[in-house]
Amino acid sequence: MNRVEPKPALRRFHQARWDEPILFELSQPGQRGVLPPEVEPALSAAVGDVAGSLPAGIRRDAPPALPEMAQLHVLRHYVRLSQENLGVDFNIDVGQGTCTMKYSPKVNDQIARSHKLAALHPLQDESTVQGILAIIYKLQEMLKAISGMDHVSLQPGAGSAAIWANVSMIRAYHAARGDTARDEVITTIFSHPSNAACAKTAGYKVITLYPDADGYPDLDALKAAVSERTAALLITNPEDTGIFNPRIDEFVNVVHGAGGLCSYDQANANGILGITRARDAGFDLCHFNLHKTFSTPHGCGGPAAGASCVTDALAPFLPRPVVAFDGQSFFLDDDRAQSIGKVRPFYGVAQNILKAYAWIMSLGADGLREVAEIAVLNNNYLMQKVLEIRGASAPYAKGKRRLEQVRYSWEQLSTDTGIHSEEIGYRAADFGTHYWTSHHPYVVPEPMTLEPTESYSQADLDEYAAILRQIAEEAYTQPEIVRTAPHNSTVHKTQPEPFDDPAQWAVTWRAYLRKTGQMKAAGGD
Amino acid sequence: MTLRPVVYPYIPNSAPEAKAAMLAAIGARSIDELYAEIPDRLRLKGRLGLPAPLLSEAALVRHMEGLLARNTSTREALSFLGAGCYPHHVPAVCDEINSRGEFLTAYAGEPYEDHGRFQALFEYESLMGELLNMDVVNVPNYDGFQAAATALRMAARITGRTRVLIAGAVSADKLSMVRDYLKPDLAVDVLPQAHKTGRVDVVALEATLSDAYAAVYFENPSFLGVIETEPAELVVLAHRHGALSVVAADPLSLGVLKPPADYGADIACGDIQGLGIHQWFGGGHGGYIATHDDPVFVHEFPSRLFGVAPTAVPGEYGFGDVAYERTSFAIREEGKEWVGTAAALWGITAGVYLALMGPQGMTELGAGILQRSRYAMGRLSALPGVTAPFATSTSFKEIVLNVDGTGKTVAEINRALLARGIFGGKDLSAEFPELGQSLLVCITEVHTQGDIDRLVSALAEVIA
């Protein structure tokens, strides 16, 4: 036998392409996927047909037109769809910048699946839930240490929900002081859009600061913006550029000087664990995303978990209840007159709280610092590789190190070749990886945001950079390949028009059938 | 003796050899050089105050299992707790699919590399659309609270009005969240349930309504399990005053109950936790909002809406975001409220559940819960001193029992039940003082006749 040739420089990837129909097309009359428990004949005889005796005004006339499928066929369909998806478990997931795509340890998932958590009801007697209350309490204590803040609520369901909770607490704080003329919130364009959007929803006018020539939020612009109307500053640091703002405490002082509060968006905390804390810069509130920095799996977009951290001055306004400890037992402190109330049912996403707690326990103080340091090391390594690629640049802070991520620009490549950043992303799918541009608006032209967390090795980063180099090379030499991508993915280029045209868009199968003239009797109505 | 530094299994470049090679590659002498931008005055002095780590997986598992052992789960007791978090059977295939790393560890990928997530969530929307008889359903938001609050904000934007009316029994926690979320521009008025029936008080509703209201919100079945048997009357009243009708419906009831659209509701909303998702101590929630396919409504959704479209290849379905420009992702504070990571994996799971159950399963499930609820109400309220205040109405999944006649408080009764291995119903006495000493007993398809009979005998003992 001949020796097997070495692998080519780039992986010859092809995504699963099952050519899978829509679920409804798999329906076969009479098939069942799972059977609900039967009602005992004696019980049934005792009460009769309750559903049948409902008044016509509420009794459903015909069963819902759900598909009818055997169990294996449901399983097979969804396993195929799962194979047409890229999880952290099997791709070099550095391309979803700002999302902190790190390894979510399997052991934590396995522990959380125990019925001791999965089958726990939130209203059980406190004596029967001491284990999970202990975990929530201990994670609160850990996040107090990590942020330097005095109190933590783990009730918010994710990062944006934590931003919302923080904005709501800011509103309640000013209201409690009778300081009701404060109707403005200041944020920066490189802070997550939820900062601006939550503030607006909460009734504030939003003032957005743009970066100065060096990429830092503009301190002079802040000074010009603050006034007796300033309720708060909502700011991310490091911002999505990966540039740490070294004058962040001056920003805080300016806002405090005007009587406003300061909330630190710590969604991008992966590079600063154990290095610098919200409290050290003088903040009144901050928030973390447990599904980012603290490793809980992202679940295709949730369930996630958020943490709102505050100083003593804001503590009365925390969502209720607060998980507390009296020296003997853990309990739910619900007697909080000034609380903003609930931000979600019950106490938070308990399974993710458990996973984040387990992750911190597996690392400790030195391990968390190692996470941050390696995330930053990996990022600076990848930046060096990317900047060697023709057409790529990293605007702002020339020659300086970045923290955990970089917002790059393909402006030069785009000018040279006519290929846009989005198209590079479509082509990246052909190599089995993710790629992300940036939030809107594109302040950095033709943006690309990469965040190589601590989870990746030098070889992983080399491979990702090699993919980008290949695509850039194609853009210069055979742009048609990039322009018509994806080629090796599950599907090909989708027609964009229907998504913004009310006459064509279809958010459900029934709408699709109706709008394409295929409405069948089984389709509803 | 010099200890070799810890190599962390989750951090490949924590190995000294790897770290040294990386530093050399970027021409840095030390990691600290990379933090040059963080001034000393902002640096943490010393180490974080955290517990000593459990470096081995074995030690971690032992520690975590030790903590979890201090919980008693609903598998180790007989639980009748519901009140927003429901014990329905979770088919094995639901857990199988949502545990797959391809879904569990993916995130916000685009349609080409994460086609599977887009198709699965489009199918979720489509299955919910059949259950609800509506053409537009969102990618899940956080939970039923968020769904209700956002549905009301949507109604206010659509009508241009600034008051909403919440009618009938609603949980205090949900009211708390909704009130806070609607501040400062929307006023919330509350109309309690009718004393005798537990349903919305139609006479009071008629007297209260005016042209100031953007929406009339009610739940069907209500938080207290009571079914509105003539919901169309309530919708007509709202419409007569130019208000929209927002109805929260339990998806598990829709095999037997009419969906809100069928009695004229404009926006349906609710929680999907019961659809193949465990109780998770309250960590299993996801919210749905549904409307008809009217662009005026579609443009008011804050959430993602995944749609289907042809691709360049015949026979292929492609997916993408419908009307993305309305979201805060696209236009920040100019978008509709805000959107972020919420509960996508639960949407996929709920889709799997509905595909498994099918039309027959959902019908049987609903019918069975109605029968069990009636049986439980009949037997329990036959005990001396126990009454069912809403016995003249039909209940789904939750029944209210009043124990004033036993001379005992619900707290006392629940303590005694707990000693017998039973988690009794939610104590309503603080939240609904007008109901006296009452509890909310949750009965689903997981409860057998034997379970209900056991509760009846235990309660009989406890109140004797």
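Domain bounds on this tour come from an automatic or database domain assignment. You are looking at a predicted model, in which local features need pLDDT of at least 70 and side-chain atom pairs count only at pLDDT 80 or more, while totals for chains, interfaces and linings use all residues. Residues are numbered from 1 along each chain as its sequence is written, and chains are lettered from A and ligands numbered from 1 in the order in which they are written.

**Stop 1: the domains**

Start with chain B and colour domain 1 (1-42), domain 2 (78-88 + 364-463) and domain 3 (92-353). Taken over C-alpha atoms, the centres of domain 1 and domain 2 of chain B are separated by 60 Å.

Now do likewise for chain A: domain 1 (6-35 + 63-85), domain 2 (111-360), domain 3 (366-483) and domain 4 (497-525). Here the C-alpha centres of domain 1 and domain 4 of chain A lie 22 Å apart.

**Stop 2: where the chains touch**

Next, select the residues of chain B in contact with chain A (C-beta atoms, placed from the backbone, within 7 Å). There are 177 of them, and they meet 176 residues of chain A. Which helix gives the most to this side of chain B? Select H12 (residues 344-380) of chain B, which supplies 25 residues; helices here are DSSP runs of H or I with at least four residues, numbered from the N terminus.

Colour that side of chain B by class and you get 95 nonpolar, 45 polar and 37 charged residues. Ala, Val, Leu, Ile, Met, Phe, Trp, Tyr, Cys and Pro count as nonpolar, Asp, Glu, Lys and Arg as charged, and the others, Gly among them, as polar.

**Stop 3: a helix pair across the chains**

Axes are lines fitted to C-alpha atoms, for helices over the stretch in contact, with angles from 0 to 180 degrees between N-to-C directions.

Show side chains for Leu377(A), Asn380(A), Tyr381(A) and Gln384(A) in H10(A), which meet Met22(B), Leu23(B), Ala25(B) and Ile26(B) in H1(B). This contact has six nonpolar, two polar and no charged residues.

**Stop 4: a helix pair within chain B**

Finally, go to H13 (residues 410-419) and H14 (residues 449-463) of chain B, where the axes come within 10 Å and cross at roughly 120°. Ile413(B), Ala416(B) and Leu417(B) of H13(B) make the contact with Ala458(B), Val462(B) and Ile463(B) of H14(B). How do these residues divide by class? Six are nonpolar, with no polar and no charged ones.

Technical notes. Two residues are in contact if their C-beta atoms, placed from the backbone, lie within 7 Å. Helices (H or I, at least four residues) and strands (E, at least two) are DSSP runs, numbered from the N terminus.
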